[in-house]
Amino acid sequence: MQVQKKDIKLPDWYLRRKHPLYGRFKKYFSGHWVTNFLIAITIIVYLIEFFLSGSFNISGRVLEVMGGRWNPDLMAGEWWRLFTPIFLHVTIYHIAFNMVALYYAGPLVEEVYGHFKFLLIYLFTGFTGNLLSALFSQNSISAGASTSLFGLFAVLALMQIVRGFRHQFSEISHSATTLIIANLIFNLFMPGVDIAGHIGGLLGGAISVLLWTPADVRKHYVHDGLGTAAALVVVVGVCLWLTGVIYY
């Protein structure tokens, strides 16, 4: 019997001998490392905010300097403010609650979609959330990972009805529902809640389910390539409009 080479899984000892860096870096890139990386970056950014503000309640000025979503700066061409707010937070309770939600929801999506597509979903849903926030909450500075988190919630909730994953992800969807309810209750007691950003994140999550397929779906490369291209067209188009390169 012959076995195709692509179906052979090489043992770790062979890979370590052939590629010396394999063993050294494998432990850092196994498991849900993108989720851990996002949590670590967000915490580091909040510590920088704290040192600049001198308080755990971050001032609006610091949020603007660090890249909060502020429409005058957006319309001045600072398109990156549709992404940077994902990593900024206003209070220690704000970041603590969001990072706990990411700690539980992130690995679920990352395990199903893979590292790269999970990162794309996280950034894309943050983008759609901040874009809708810019359209409907024009007189405030917005910050927080809630836009991306609500996108992940939407992905988890929709997974059970996409491509036959209903039975496999019914338990995951229940977890997502619990996280959504807890997040909504928490936000009821937070001043200045950005409802538009949350709705934008949910919409971005629903779109993500159409753009990208789970990692174990066969022959998904064309679908994922077209989905990534479509997302890039939207993101680049909005950014070019903000910088004044294109007009309507």
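Analyst: Helix 8 is largely enclosed by the rest of the structure, because 12 of its 14 residues are buried. Buried means under 20% relative accessible area, exposed means over 50%, and partly exposed lies in between, with a 1.4 Å probe and protein chains only. The model is a predicted one, in which local features need pLDDT of at least 70 and side-chain atom pairs count only at pLDDT 80 or more, while totals for chains, interfaces and linings use all residues. Residues are numbered from 1 along each chain as its sequence is written, and side-chain values use heavy atoms, leaving out hydrogens and water.

User: How far does helix 8 reach from its first C-alpha to its last?

Analyst: Helix 8 covers residues 146-159, which is 14 residues. The expected span is 1.5 Å times one less than the number of residues. For helix 8 the expected value is 20 Å, and the reach from first to last C-alpha is close to it, at 20 Å.

User: How many helices does the secondary structure of the protein come to?

Analyst: Helices (H or I, at least four residues) and strands (E, at least two) are DSSP runs numbered from the N terminus. With zero strands, the secondary structure comes to 11 helices.

User: How many aromatic pairs are there, and is the pair of Phe-50 and Phe-56 stacked or edge-to-face?

Analyst: Rings of Phe, Tyr and Trp (its six-membered ring) pair if their centres lie within 6.5 Å, and planes under 30 degrees apart count as stacked, over 60 as edge-to-face and the rest as tilted. By this rule the count is nine aromatic pairs. The rings of Phe-50 and Phe-56 have centres 4.5 Å apart and planes at 20°, so this pair is stacked.

User: Which residues make the nonpolar surface patch of about 320 Å²?

Analyst: Like charges are joined within 9 Å and nonpolar side chains (Val, Leu, Ile, Met, Phe, Trp, Tyr) within 5 Å, and accessible areas come from the Shrake-Rupley method with a 1.4 Å probe, where for residues only the protein chains shown count as cover. One member, Phe-51, lies in helix 3 (residues 33-53) and is exposed at 66% relative accessible area. The patch is made by Ile-43, Leu-47 and Phe-51.

Notes
Patch = residues over 30% accessible without salt bridge, like charges linked within 9 Å, V, L, I, M, F, W, Y side chains within 5 Å. Salt bridge = Lys/Arg side-chain N within 4 Å of Asp/Glu carboxyl O.
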